[in-house]
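Student: Could you walk me through how to read salt bridges, surface patches, pockets and cavities in a model?

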Amino acid sequence: MFEHQDSLKSLRKFDLNLLTVFEAVYYYKSVSKAADILGMTSPAVSQSIQRLRQYFPDPLFIRYGKGISATVFADSMHENIKGSLSGIIDIFADKGDSIRNLVIWSDPHLAQVLIPDICSHLMSLPKLKCRIVHNLLPEDAVGVEHALLYHKTDIIFDIAPIFNSAIESELIFREKIVAVCGKEHPRLKDSLSANSLKDERCITIIKDRKKINEFKSKIDVLLGKRVISFASPSSLIALSVIEKTNDIGFFPESMYEKFKDIYNLKRLECDVDLGSYEVYMSYSKKALQDKALLELVERVRETFVMNNKSVHP
């Protein structure tokens with residue numbers, strides 16, 4: 001850490017503009033051409049090269065015929081700095097040549113529903129160069145909110161909106177909750193009632209989230225107190241356990257459809273409405289100045305809002 005601090009202090013004393021002059025002279029092999037490109041006078045460019053020589057044990061450029069030639073040391077110096085300078089130039093020029101990390105936070109299930117389509121769309125745009133980075137959503141609601149406010153993430157997909165004047169939370173779709181068990185369940189055929197549930201064991205998802213806990217309470221009210229035999233924070237692990245046991249679980253309909261054949265599952269029709277959950281897209285209002293983020297927001301609206309009538313009340 002101390003070495004890094006010392007390096008920063010040394011760098012602060014160095015005029016980084018000298019590297020711009022160096023690259024111009026190196027590329028054009030001419031002080032006068034470099035001066036024209038940079039909008040400087042030739043004496044000012046020569047003076048900058050002289051100042052740069054004070055930092056290195058090498059002349060950097062030598063007279064060769066009517067022009068100048070870079071030394072071996074200058075060649076090595078150019079190779080070391082050209083990538084960094086190009087990246088900085090791309091950022092300020094907004095050429096779109098640099099790769100932009102687009103960070104998305106969500107639970108794994110929502111990522112399976114949303115991110116493949118997002119990646120498919122953004123990667124098909126030749127002028128929009130970005131790298132999608134997905135991170136799991138933390139359970140701390142305050143941490144989630146701060147992540148957007150302090151630009152730790154670009155977009156959050158969650159089952160709860162964020163109430164903050166600086167953050168936009170849009171409802172993008174609703175999804176049904178369905179009861180699920182293994183295809184070879186010995187007692188349950190196609191339906192589930194409060195009476196039949198009394199003799200069965202259930203699986204539950206462990207997450208300290210208000211909406212999930214509210215849903216668990218709702219199931220207990222509708223179908224009676226359940227006997228929980230297995231609990232996990234992972235929905236996929238829960239489904240794999242259902243495949244090997246006679247347990248019952250309650251999952252989003254899209255998750256059931258995606259994995260029913262993989263885990264040999266069947267859907268149970270309930271005599272009560274299990275309800276649905278809402279999915280929100282949240283982002284910082286200021287961040288919409290970023291064209292990559294704006295493209296992502298528009299894509300999500302087009303795919304999940306405009307084409308999903310269940311979003312609207």
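The dialogue below takes these features in turn.

Tutor: Happy to. This is a predicted model, where local features need pLDDT of at least 70 and side-chain atom pairs count only at pLDDT 80 or more, while totals for chains, interfaces and linings use all residues. Residues are numbered from 1 along each chain as its sequence is written, and side-chain values use heavy atoms, with hydrogens and water left out.

Student: How many salt bridges are there by the rule used here?

Tutor: A salt bridge is a side-chain nitrogen of Lys or Arg within 4 Å of a carboxyl oxygen of Asp or Glu. That rule gives 13 salt bridges. One of them joins the side chains of Asp15 and Arg51, at 3.4 Å from N to O. This pair links distant parts of the chain, 36 residues apart: Asp15 sits in the loop between α1 (2-12) and α2 (17-28), and Arg51 in helix α4 (residues 42-53). Helices (H or I, at least four residues) and strands (E, at least two) are DSSP runs, numbered from the N terminus.

Student: Why do Asp15 and Arg51 count as partly exposed?

Tutor: Buried means under 20% relative accessible area, exposed over 50%, and partly exposed in between (1.4 Å probe, protein chains only). Asp15 is partly exposed because its relative accessibility is 24%, and Arg51 is partly exposed because its value is 36%.

Student: Which salt bridge does Lys225 form, and is Lys225 buried or exposed?

Tutor: Lys225 pairs with Asp220, and their closest N and O atoms are 3.9 Å apart. Lys225 is exposed, at 74% relative accessibility, whereas Asp220 is partly exposed at 23%.

Student: Which residues make the nonpolar surface patch of about 360 Å²?

Tutor: Patches are made of residues with over 30% relative accessible area and no salt bridge; like charges are joined within 9 Å, and nonpolar side chains (Val, Leu, Ile, Met, Phe, Trp, Tyr) within 5 Å. Areas come from the Shrake-Rupley method with a 1.4 Å probe, and for residues only the protein chains shown count as cover. The patch consists of Tyr27, Tyr28 and Ile37. Tyr27 belongs to helix α2 and is exposed, with 64% relative accessibility.

Student: What lines the largest pocket?

Tutor: Rolling a probe the size of a water molecule over the atoms shows where empty space is left. On a 1 Å grid over the protein atoms alone, a cavity is a set of points where a 1.4 Å probe fits but cannot get out; a pocket is an open set with protein on both sides within 12 Å along at least five of seven lines, and lining residues have an atom within 4 Å of a point. The lining of the largest pocket has 31 residues, and Ile159, Ile177, Ile212, Pro252 and Tyr277 lie nearest its centre. The largest share, six residues, comes from α9.

Student: Which residues line the largest cavity?

Tutor: Its lining is formed by Leu148, His151, Thr153, Asp154, Ser284 and Ala287.
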